[in-house]
Amino acid sequence: MNYFDINDIDNLQQWIEEAKELKKNPLKHKALGEDKTLVLLFFNNSLRTRLSTQKAGLNLGMNVMVMNFGQEGWQLEYGDGEVMDQGKSEHVIEAAQVVSQYADVIGIRAFAKFENKEEDYQEQVLTAFMKYASAPILNMESAIGHPLQALTDMITISEFNTKPKPKVVLSWAPHPRALPQAVANSFAQYANASDFDFVITHPEGYELAPQFVGGAKVTHNQDEAFKGADFIYVKNWSPYVDENYGQVMNTDENWRISAEKMALTNDGKFMHCLPVRRNVIVDDAVIDSENSLVIEQANNRTYAAQIALKKILESIEK
Ligand code: AN0
Ligand code: CP
(Lines give C-alpha, C1' and ligand atoms only; values in the text may rest on other atoms or scores of the structure.)
(Ligands and ions follow the chains in the order given, each with its own letter.)
Protein backbone atom coordinates (compact mmCIF):
# COMPACT_ATOMS: atom_id res chain seq x y z
CA MET A 1 0.00 0.00 0.00
CA ASN A 2 0.90 3.67 -0.40
CA TYR A 3 0.01 6.38 2.08
CA PHE A 4 -0.97 8.94 -0.52
CA ASP A 5 -4.23 10.29 0.92
CA ILE A 6 -7.20 9.55 3.18
CA ASN A 7 -8.39 6.79 0.84
CA ASP A 8 -5.44 4.67 1.98
CA ILE A 9 -6.85 4.61 5.53
CA ASP A 10 -9.29 1.76 6.13
CA ASN A 11 -10.49 3.12 9.49
CA LEU A 12 -9.43 6.62 10.58
CA GLN A 13 -10.52 6.25 14.21
CA GLN A 14 -8.56 3.03 14.51
CA TRP A 15 -5.41 4.61 13.05
CA ILE A 16 -5.76 7.47 15.58
CA GLU A 17 -6.09 5.03 18.48
CA GLU A 18 -3.15 2.96 17.25
CA ALA A 19 -1.01 6.08 16.88
CA LYS A 20 -1.82 7.02 20.49
CA GLU A 21 -0.71 3.54 21.55
CA LEU A 22 2.56 3.94 19.60
CA LYS A 23 3.11 7.24 21.40
CA LYS A 24 3.06 5.38 24.75
CA ASN A 25 5.56 2.79 23.55
CA PRO A 26 7.33 4.04 20.39
CA LEU A 27 9.91 1.24 20.21
CA LYS A 28 7.44 -1.65 20.57
CA HIS A 29 7.57 -2.55 16.87
CA LYS A 30 11.30 -2.08 16.38
CA ALA A 31 11.62 -5.52 14.76
CA LEU A 32 9.08 -4.71 12.03
CA GLY A 33 11.40 -2.45 10.03
CA GLU A 34 14.64 -4.31 10.63
CA ASP A 35 16.79 -4.44 7.47
CA LYS A 36 14.23 -2.30 5.64
CA THR A 37 15.31 1.02 4.11
CA LEU A 38 13.29 4.22 4.10
CA VAL A 39 14.38 6.76 1.48
CA LEU A 40 13.04 10.31 1.89
CA LEU A 41 13.16 12.63 -1.13
CA PHE A 42 12.64 16.34 -0.48
CA PHE A 43 11.88 18.62 -3.41
CA ASN A 44 11.09 21.39 -0.86
CA ASN A 45 12.23 22.65 2.54
CA SER A 46 11.18 21.02 5.78
CA LEU A 47 11.89 20.88 9.49
CA ARG A 48 9.15 18.75 11.05
CA THR A 49 8.44 16.33 8.23
CA ARG A 50 12.09 15.66 7.66
CA LEU A 51 12.97 14.90 11.27
CA SER A 52 9.72 13.30 12.48
CA THR A 53 9.53 10.92 9.52
CA GLN A 54 13.15 9.89 10.06
CA LYS A 55 12.42 9.44 13.74
CA ALA A 56 9.36 7.32 12.93
CA GLY A 57 11.45 5.10 10.64
CA LEU A 58 14.16 4.73 13.29
CA ASN A 59 11.55 3.89 15.96
CA LEU A 60 10.39 1.06 13.68
CA GLY A 61 13.96 -0.20 13.30
CA MET A 62 14.37 1.00 9.69
CA ASN A 63 17.49 2.37 8.05
CA VAL A 64 16.80 5.87 6.81
CA MET A 65 18.35 7.79 3.90
CA VAL A 66 17.41 11.39 3.14
CA MET A 67 18.05 13.31 -0.07
CA ASN A 68 17.37 16.98 -0.77
CA PHE A 69 16.26 16.18 -4.29
CA GLY A 70 15.23 19.75 -5.11
CA GLN A 71 18.77 21.07 -4.58
CA GLU A 72 20.93 18.01 -5.16
CA GLY A 73 19.03 15.75 -7.58
CA TRP A 74 18.78 16.07 -11.35
CA GLN A 75 15.92 18.16 -12.69
CA LEU A 76 13.23 15.62 -13.57
CA GLU A 77 11.05 15.46 -16.67
CA TYR A 78 7.51 14.12 -16.19
CA GLY A 79 5.92 14.42 -19.65
CA ASP A 80 5.34 11.43 -21.93
CA GLY A 81 7.39 11.28 -25.13
CA GLU A 82 9.30 14.50 -24.40
CA VAL A 83 12.43 15.32 -26.40
CA MET A 84 14.64 16.18 -23.44
CA ASP A 85 16.84 18.81 -25.11
CA GLN A 86 16.09 21.54 -22.54
CA GLY A 87 16.95 21.90 -18.83
CA LYS A 88 15.73 18.53 -17.49
CA SER A 89 18.45 15.88 -17.15
CA GLU A 90 16.52 12.78 -16.13
CA HIS A 91 13.04 11.34 -16.60
CA VAL A 92 10.96 10.21 -13.64
CA ILE A 93 10.60 6.84 -15.44
CA GLU A 94 14.22 5.98 -14.63
CA ALA A 95 14.51 7.96 -11.39
CA ALA A 96 11.55 6.20 -9.73
CA GLN A 97 12.75 2.74 -10.73
CA VAL A 98 16.31 3.47 -9.61
CA VAL A 99 15.26 4.78 -6.17
CA SER A 100 13.04 1.69 -5.76
CA GLN A 101 16.15 -0.52 -5.96
CA TYR A 102 17.57 1.18 -2.86
CA ALA A 103 14.34 1.60 -0.90
CA ASP A 104 11.62 -0.50 0.70
CA VAL A 105 9.54 2.65 1.24
CA ILE A 106 9.93 6.02 -0.54
CA GLY A 107 8.76 9.24 1.12
CA ILE A 108 8.29 12.23 -1.19
CA ARG A 109 7.70 15.93 -0.55
CA ALA A 110 6.79 17.88 -3.67
CA PHE A 111 4.72 21.05 -3.23
CA ALA A 112 2.43 22.67 -5.77
CA LYS A 113 4.53 24.47 -8.36
CA PHE A 114 1.78 27.04 -9.14
CA GLU A 115 2.79 26.92 -12.81
CA ASN A 116 -0.20 24.94 -13.99
CA LYS A 117 -3.27 24.30 -11.84
CA GLU A 118 -4.15 21.11 -13.72
CA GLU A 119 -0.69 19.60 -13.21
CA ASP A 120 -0.85 20.48 -9.52
CA TYR A 121 -4.36 19.05 -9.05
CA GLN A 122 -3.41 15.91 -11.00
CA GLU A 123 -0.57 15.42 -8.51
CA GLN A 124 1.95 15.17 -11.34
CA VAL A 125 5.00 14.31 -9.20
CA LEU A 126 3.48 11.84 -6.73
CA THR A 127 1.37 10.19 -9.44
CA ALA A 128 4.44 9.63 -11.62
CA PHE A 129 6.41 8.14 -8.73
CA MET A 130 3.48 5.88 -7.81
CA LYS A 131 3.30 4.76 -11.44
CA TYR A 132 6.98 3.98 -12.01
CA ALA A 133 8.30 3.07 -8.53
CA SER A 134 8.05 -0.51 -7.33
CA ALA A 135 8.34 0.52 -3.66
CA PRO A 136 5.39 1.97 -1.71
CA ILE A 137 5.11 5.76 -1.59
CA LEU A 138 4.61 7.89 1.53
CA ASN A 139 3.20 11.37 0.87
CA MET A 140 5.20 13.96 2.87
CA GLU A 141 3.14 16.86 1.37
CA SER A 142 2.27 16.77 -2.27
CA ALA A 143 0.83 19.47 -4.54
CA ILE A 144 -2.64 19.32 -3.02
CA GLY A 145 -2.45 17.26 0.17
CA HIS A 146 -0.56 16.81 3.42
CA PRO A 147 -1.99 13.56 4.80
CA LEU A 148 0.65 13.12 7.51
CA GLN A 149 -0.18 16.57 8.88
CA ALA A 150 -3.94 15.96 8.76
CA LEU A 151 -3.54 12.62 10.52
CA THR A 152 -1.39 14.37 13.15
CA ASP A 153 -4.08 17.00 13.63
CA MET A 154 -6.81 14.39 14.10
CA ILE A 155 -4.63 12.62 16.69
CA THR A 156 -4.05 15.93 18.51
CA ILE A 157 -7.74 16.88 18.49
CA SER A 158 -8.61 13.43 19.79
CA GLU A 159 -6.14 13.89 22.68
CA PHE A 160 -7.57 17.26 23.73
CA ASN A 161 -11.25 16.84 22.85
CA THR A 162 -13.75 16.49 25.71
CA LYS A 163 -17.00 16.51 23.71
CA PRO A 164 -18.94 13.98 21.63
CA LYS A 165 -19.06 16.48 18.73
CA PRO A 166 -16.60 19.37 19.11
CA LYS A 167 -16.87 22.53 17.03
CA VAL A 168 -13.75 22.66 14.85
CA VAL A 169 -12.99 25.70 12.70
CA LEU A 170 -10.52 25.93 9.83
CA SER A 171 -9.64 29.61 9.46
CA TRP A 172 -7.66 31.32 6.74
CA ALA A 173 -5.15 33.96 7.92
CA PRO A 174 -3.02 36.43 5.94
CA HIS A 175 0.51 35.69 4.70
CA PRO A 176 2.83 37.73 2.44
CA ARG A 177 3.74 34.83 0.11
CA ALA A 178 1.53 32.45 -1.88
CA LEU A 179 1.21 29.15 -0.02
CA PRO A 180 -0.28 25.87 -1.26
CA GLN A 181 -3.79 24.69 -0.42
CA ALA A 182 -2.41 21.26 0.60
CA VAL A 183 -2.61 21.58 4.40
CA ALA A 184 -6.08 23.14 4.33
CA ASN A 185 -7.34 20.59 1.78
CA SER A 186 -6.25 17.59 3.84
CA PHE A 187 -7.39 19.10 7.13
CA ALA A 188 -10.85 19.68 5.64
CA GLN A 189 -10.98 16.17 4.21
CA TYR A 190 -10.04 14.49 7.50
CA ALA A 191 -12.29 16.80 9.54
CA ASN A 192 -15.21 15.91 7.27
CA ALA A 193 -14.47 12.24 7.96
CA SER A 194 -14.63 12.90 11.73
CA ASP A 195 -17.52 13.52 14.10
CA PHE A 196 -17.09 17.31 14.22
CA ASP A 197 -19.28 20.35 13.81
CA PHE A 198 -16.89 21.56 11.10
CA VAL A 199 -16.78 25.14 9.80
CA ILE A 200 -14.41 26.71 7.25
CA THR A 201 -13.94 30.48 7.24
CA HIS A 202 -12.01 32.54 4.69
CA PRO A 203 -12.32 35.80 2.71
CA GLU A 204 -14.21 35.80 -0.59
CA GLY A 205 -12.20 34.31 -3.42
CA TYR A 206 -10.44 31.78 -1.18
CA GLU A 207 -12.89 28.88 -1.66
CA LEU A 208 -11.12 25.52 -1.54
CA ALA A 209 -11.76 22.84 -4.17
CA PRO A 210 -15.25 21.36 -3.70
CA GLN A 211 -13.95 17.80 -3.24
CA PHE A 212 -12.18 18.98 -0.06
CA VAL A 213 -14.90 21.30 1.25
CA GLY A 214 -17.39 18.42 1.14
CA GLY A 215 -20.30 19.02 3.49
CA ALA A 216 -18.50 21.57 5.71
CA LYS A 217 -20.20 24.85 6.62
CA VAL A 218 -18.45 27.77 4.90
CA THR A 219 -18.64 31.40 6.02
CA HIS A 220 -16.83 34.63 5.17
CA ASN A 221 -17.57 35.90 8.68
CA GLN A 222 -14.61 34.84 10.84
CA ASP A 223 -16.10 36.17 14.10
CA GLU A 224 -19.30 34.23 13.51
CA ALA A 225 -17.29 31.07 12.81
CA PHE A 226 -15.24 31.46 16.00
CA LYS A 227 -18.29 31.67 18.30
CA GLY A 228 -18.34 28.67 20.63
CA ALA A 229 -15.49 26.88 18.80
CA ASP A 230 -13.49 24.22 20.65
CA PHE A 231 -10.60 24.09 18.17
CA ILE A 232 -9.34 26.86 15.88
CA TYR A 233 -7.09 25.47 13.13
CA VAL A 234 -5.34 28.27 11.28
CA LYS A 235 -3.64 28.19 7.90
CA ASN A 236 -2.96 30.55 5.04
CA TRP A 237 -3.58 29.31 1.52
CA SER A 238 -3.57 31.01 -1.86
CA PRO A 239 -6.66 31.05 -4.10
CA TYR A 240 -7.84 27.90 -5.87
CA VAL A 241 -10.09 29.72 -8.37
CA ASP A 242 -8.71 29.64 -11.93
CA GLU A 243 -8.27 33.40 -12.42
CA ASN A 244 -6.20 33.93 -9.25
CA TYR A 245 -4.73 30.44 -8.76
CA GLY A 246 -1.62 30.55 -6.57
CA GLN A 247 -1.53 34.37 -6.24
CA VAL A 248 -1.67 36.59 -3.15
CA MET A 249 -5.00 38.44 -3.47
CA ASN A 250 -5.64 39.42 0.14
CA THR A 251 -3.40 40.29 3.10
CA ASP A 252 -6.16 41.74 5.29
CA GLU A 253 -4.75 41.99 8.84
CA ASN A 254 -8.24 41.72 10.28
CA TRP A 255 -8.00 37.98 9.65
CA ARG A 256 -4.92 37.57 11.91
CA ILE A 257 -5.66 35.47 14.99
CA SER A 258 -5.74 37.73 18.05
CA ALA A 259 -6.61 37.18 21.71
CA GLU A 260 -9.86 39.12 21.08
CA LYS A 261 -10.88 36.64 18.40
CA MET A 262 -9.96 33.65 20.57
CA ALA A 263 -12.16 35.18 23.31
CA LEU A 264 -15.16 34.48 21.05
CA THR A 265 -14.49 30.74 21.27
CA ASN A 266 -15.40 28.20 23.92
CA ASP A 267 -11.94 28.48 25.54
CA GLY A 268 -10.82 27.11 22.16
CA LYS A 269 -7.48 25.52 21.43
CA PHE A 270 -5.23 27.17 18.85
CA MET A 271 -3.70 24.90 16.21
CA HIS A 272 -1.27 25.46 13.32
CA CYS A 273 0.88 22.99 11.39
CA LEU A 274 4.00 25.24 11.58
CA PRO A 275 6.10 26.90 10.31
CA VAL A 276 4.16 30.02 11.29
CA ARG A 277 4.92 33.73 10.91
CA ARG A 278 4.32 35.30 14.32
CA ASN A 279 2.28 38.49 14.41
CA VAL A 280 1.31 37.97 10.76
CA ILE A 281 -0.78 34.78 11.00
CA VAL A 282 -1.16 34.80 14.79
CA ASP A 283 -0.37 37.18 17.62
CA ASP A 284 2.30 36.19 20.17
CA ALA A 285 -0.36 36.31 22.88
CA VAL A 286 -2.26 33.44 21.21
CA ILE A 287 0.58 31.16 20.12
CA ASP A 288 2.26 31.61 23.52
CA SER A 289 -0.96 30.98 25.44
CA GLU A 290 -1.82 27.80 27.33
CA ASN A 291 -4.43 27.02 24.68
CA SER A 292 -1.85 26.71 21.92
CA LEU A 293 -1.29 23.12 20.77
CA VAL A 294 1.34 23.80 18.10
CA ILE A 295 4.27 22.11 19.87
CA GLU A 296 2.25 19.00 20.69
CA GLN A 297 1.06 18.87 17.07
CA ALA A 298 4.70 18.81 15.94
CA ASN A 299 5.38 16.05 18.48
CA ASN A 300 2.53 13.98 17.09
CA ARG A 301 4.02 14.13 13.59
CA THR A 302 6.30 11.27 14.68
CA TYR A 303 3.39 9.00 15.62
CA ALA A 304 1.35 9.84 12.53
CA ALA A 305 4.36 8.92 10.38
CA GLN A 306 4.95 5.84 12.51
CA ILE A 307 1.42 4.48 12.13
CA ALA A 308 1.50 5.14 8.36
CA LEU A 309 4.90 3.43 8.01
CA LYS A 310 3.77 0.54 10.20
CA LYS A 311 0.73 -0.06 7.98
CA ILE A 312 2.92 0.11 4.86
CA LEU A 313 5.49 -2.30 6.34
CA GLU A 314 2.74 -4.71 7.35
CA SER A 315 1.38 -4.58 3.80
CA ILE A 316 4.84 -5.47 2.41
CA GLU A 317 5.15 -8.45 4.79
CA LYS A 318 1.93 -10.01 3.52
C1 AN0 B 1 4.11 25.06 3.50
C2 AN0 B 1 2.66 25.10 3.09
O3 AN0 B 1 1.98 26.06 3.39
O4 AN0 B 1 2.18 24.14 2.43
C5 AN0 B 1 4.40 23.88 4.40
C6 AN0 B 1 3.50 23.75 5.57
C7 AN0 B 1 3.69 22.48 6.30
N8 AN0 B 1 4.45 26.28 4.22
C9 AN0 B 1 5.34 27.16 3.78
O10 AN0 B 1 5.87 27.01 2.71
C11 AN0 B 1 5.65 28.32 4.68
N1 CP C 1 4.21 20.96 9.29
C2 CP C 1 5.20 20.62 8.43
O3 CP C 1 5.02 19.82 7.49
O4 CP C 1 6.38 21.23 8.69
P5 CP C 1 7.69 21.19 7.77
O6 CP C 1 7.34 21.89 6.50
O7 CP C 1 8.74 21.87 8.56
O8 CP C 1 8.03 19.75 7.48
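Modeller: One cut-off to begin with: buried means under 20% relative accessible area, exposed means over 50%, and partly exposed lies in between. Keep in mind that this is a predicted model.

Biologist: Why is Glu18 called partly exposed?
Modeller: Glu18 has 21% relative accessibility. Buried means under 20% and exposed over 50%. Therefore Glu18 counts as partly exposed.

Biologist: What makes Lys310 and Glu18 a salt bridge?
Modeller: The two side chains meet at 3.5 Å, N to O. The cut-off is a Lys or Arg nitrogen within 4 Å of a carboxyl oxygen of Asp or Glu, so the pair qualifies.

Biologist: What does the pair tie together?
Modeller: Lys310 lies in helix 13 and Glu18 in helix 1 (residues 12-24), so the bridge ties together parts that are 292 residues apart in sequence. Lys310 counts as buried, because its relative accessibility is 8%.

Biologist: How many salt bridges does the whole structure have?
Modeller: A search finds 18. One of them joins Asp230 and Lys163 at 2.9 Å, N to O. That pair links distant parts of the chain, 67 residues apart. Asp230 sits in the loop between helix 10 (222-226) and strand 10 (231-235). Lys163 sits in the loop between helix 7 (147-160) and strand 7 (167-172).

Biologist: Buried or partly exposed: what are Asp230 and Lys163?
Modeller: Asp230 has a relative accessible area of 11%, so this residue is buried. Lys163 is at 34%, so it counts as partly exposed.

Biologist: Which bridge does Asp288 form?
Modeller: The side chain of Asp288 meets that of Arg278 at 2.8 Å, N to O. Asp288 is in the loop between helix 12 (284-287) and helix 13, and Arg278 is in the loop between strand 11 (269-271) and helix 12. Arg278 has a relative accessible area of 42%, so it is partly exposed. Elsewhere, bridges that share partners join Glu18, Lys310, Lys311 and Glu314 into one network.

Biologist: Why is Leu313 called buried?
Modeller: Its relative accessible area is 0%. The limit is under 20%, so Leu313 is buried. Leu313 is in helix 13 (residues 294-317). Beyond its sequence neighbours within four places, Leu313 is in contact with residues including Leu32, Leu60, Met62 and Val105. The C-alpha atoms of Leu313 and Leu32 are 7.1 Å apart, although 281 residues separate them along the chain.

Biologist: How do you know that the buried residues of helix 4 are on the same side?
Modeller: Those residues are Val92, Ala95, Ala96, Val99 and Ser100. They cover an arc of only 130° around the axis, which puts them on the same side of helix 4. In general, an α-helix has 3.6 residues a turn, so residues three or four places apart point the same way. The cover over these buried residues includes strand 1 (37-42), strand 5 (105-109) and helix 6 (124-132).

Biologist: How do you know that the radius of gyration agrees with a compact globule?
Modeller: A compact globule of 318 residues would have a radius near 20 Å, and the protein has 20 Å, so the two agree. Of these residues, 54% count as buried.

Notes
Residues are numbered from 1 along each chain as its sequence is written. Chains are lettered from A and ligands numbered from 1 in the order in which they are written. This is a predicted model: local features need pLDDT of at least 70, side-chain atom pairs count only at pLDDT 80 or more; totals for chains, interfaces and linings use all residues. Side-chain values use heavy atoms; hydrogens and water are left out. The radius of gyration is taken over C-alpha atoms; the globule rule is 2.2 Å times the number of residues to the power 0.38. Buried means under 20% relative accessible area, exposed over 50%, partly exposed in between (1.4 Å probe, protein chains only). Helices (H or I, at least four residues) and strands (E, at least two) are DSSP runs, numbered from the N terminus. The arc is that of the directions from the helix axis to the C-beta atoms. Contact means heavy atoms within 4.5 Å.
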